[in-house]
Every structure is written in structure tokens, then in C-alpha cells.
Protein chains: 2
Amino acid sequence: MDLPIPGQPVRGSKSGQPIMALFDLLGRSWAMGIIWNLHQRPCTFRELQQICESISPTTLNKRLKELKQAFLIERSLEGYTLTSQGEELFLLLQPLGKWSRKWAENFKEKEDE
Amino acid sequence: MDLPIPGQPVRGSKSGQPIMALFDLLGRSWAMGIIWNLHQRPCTFRELQQICESISPTTLNKRLKELKQAFLIERSLEGYTLTSQGEELFLLLQPLGKWSRKWAENFKEKEDE
DNA sequence: TCTTATTGCTACATTATATGTAGCTTTGCT
DNA sequence: AGCAAAGCTACATATAATGTAGCAATAAGA
């Protein structure tokens, strides 16, 4: 399955430094987007496909399996949800939302030049 | 170059929501690892290659170009460094370091079962 | 000034990942 | 039983990353 496991070699660290394992996991397409969207509410597979706009079912399924194995999401009756650890991680990512809107201004200015 | 630009379609958002553009950018191999490492000190291209252990020069170069265009890093006399915006972003990512060490415990327990 | 070394890449073949479309099961109606 | 929706899997194609080689530019030493 090739889940990046802390303590084992991962992208960025032969000794599997936890932060590098996390970056490996989150640095896969859609991983952060899925976490971000699941925070609003639990979603079914098809709902995630819609919200994520252009994700392929193959990739979505792979990502969901990885996040499940990484203890960040789980399946409930209403669909996929964040685990408490997933929720914690979301809270750490949350500030990026505000920051990204400020960061986006850089690109607006560019157009005016 | 295919940089994910806020306001234009990106992975996860046809309207280019800033957070999705940011996730697209950071969710590319090594992007967060590079930012993480550059925080310690400025690094040359070859130094980054060493620190990142298994990055290919092709990918490193591509990622550096993207991060430069995204106003997160720049070249100085001592090599590549974080811009002030890059530094801000690093500070937001920093808490992941501590959290990832706690998260890593999940995997240790697994081995014991 | 002629090596020799180092840095910052580029080229290119191979491998790994992601996409897009189709469609097969399973579950839940009615 | 028949139909619809959900949760996938299969598979062909396209895109991204790796790994190795090596070139051009700068720097320092003999």
C-alpha cells in the first residue's frame, strides 16, 4: 500500500522522521483537500467526488485508504469522517485558510503590472 | 510552468480558492520538506539535494522554481532562503512537527500487536 | 594560464502516480 | 422483482518523479 510510516524510510528521511512521514502523506494529491472538506461534515464517497471536483475514483479510494490507515479518517454511518486525530490535524491546518487569502494578493497585483 | 495560482482553476477548485491553490502547491513532492529545511538556514542546490536525501535534481529544480514564483523562497548569496512570506508559512507549519511525533506513536503500538 | 573542483543545473530513459471512462456489486427502496 | 444510488474496481492514457549522466559557469590553486 506504501503508506508513509514514521520510523521507516519515507520521502525526505531514511530514518522516517515523523514530520517527513507526515509531509509524505499530506503531500499526495488531494490528501489535504480531503481533510479540509471532511471537516465541514461527514461525506460519502460520491459526495467527496463532487466536492473535490476533478478527483478520479481511483485516486480518491487510494487516498481514503491511506488516511484511514494513518488514523486520520474513519467510516461511520453518515460516510467518511475525521477521527479525533484527524480533527486535531485539521485544527493545525486551519490557519492556512486565512493566510492563503493574504498570500493570494500577490497574484492579483501581478495582473495589474 | 503550471503553478497553481489562486483565482484560477487548481486541483480542488475550479474557481481557484486560495486554500486549494495552496494545497495544490504544497501537495507536490518535497514542497513542504524544502520549506521545512530552508528554515534552519539558507541552502545551496547541492545542499538541498543532500538534505532531502532522495530528491532528483529535476524535481528539486522544478519545485524551487515553483516556490520562487509563489513568493515563498528566493535566491541570495548564501543560496536559497525563505522570503518573509515563506517564513510566515513555515511558522504555520511548525506545529506539525510536535504533532507528528505524537501521531507517530500510533504506529509503534501497531508493531506490538 | 592551465588544471581541478564545485555548483547549478539540463537531458533523457525508466518507473510511479493520477486521470477519465466504463461498469460491476451491494444495499435500500417500492 | 425492478430500479436507483453508493462504493467501489479495471484498465487505458497522460502526467509527474526518479536516477544517472553530464555540460556550462564560476572559483581557487599550482
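**Chain contacts and the DNA surface**

Modeller: In this predicted model, 38 residues of chain A are in contact with 39 residues of chain B.

Biologist: What makes two residues count as in contact?

Modeller: Their C-beta atoms, placed from the backbone, lie within 7 Å. By that test, 38 residues of chain A touch 39 of chain B.

Biologist: Which helices of chain A supply at least two residues each to the side that touches chain B?

Modeller: Helix 1 (18-26), helix 2 (31-40), helix 5 (84-93) and helix 6 (95-112) of chain A. Helix 6 of chain A gives the largest share, ten residues. By class, this side of chain A has 22 nonpolar, ten polar and six charged residues.

Biologist: Which residues are closest to DNA strand D?

Modeller: A:Thr44, A:Phe45, A:Pro57, B:Ser56 and B:Thr59, out of 18 residues that surround DNA strand D. Two or more residues come from each of helix 3 (45-51) and helix 4 (57-69) of chain A, and helix 4 (57-69) of chain B. The largest share, four residues, comes from helix 4 of chain B. The surface near DNA strand D has four nonpolar, nine polar and five charged residues.

Biologist: Where is B:Gln94 found, and why is B:Gln94 called partly exposed?

Modeller: B:Gln94 is in the loop between helix 5 (84-93) and helix 6 (95-112) of chain B. Buried needs 20 or more other C-beta atoms within 10 Å, and exposed needs 12 or fewer. B:Gln94 has 14, so B:Gln94 is partly exposed.

Biologist: How far apart are B:Gln94 and B:Phe23?

Modeller: They are 71 residues apart in sequence and 16 Å apart in space, C-alpha to C-alpha.

Technical notes
Residues numbered from 1 in each chain as written. Chains lettered and ligands numbered in written order. Predicted model: local features only at pLDDT ≥ 70, side-chain atom pairs only at ≥ 80, totals over all residues. Near = placed C-beta within 6 Å. Nonpolar A, V, L, I, M, F, W, Y, C, P; charged D, E, K, R; others polar.
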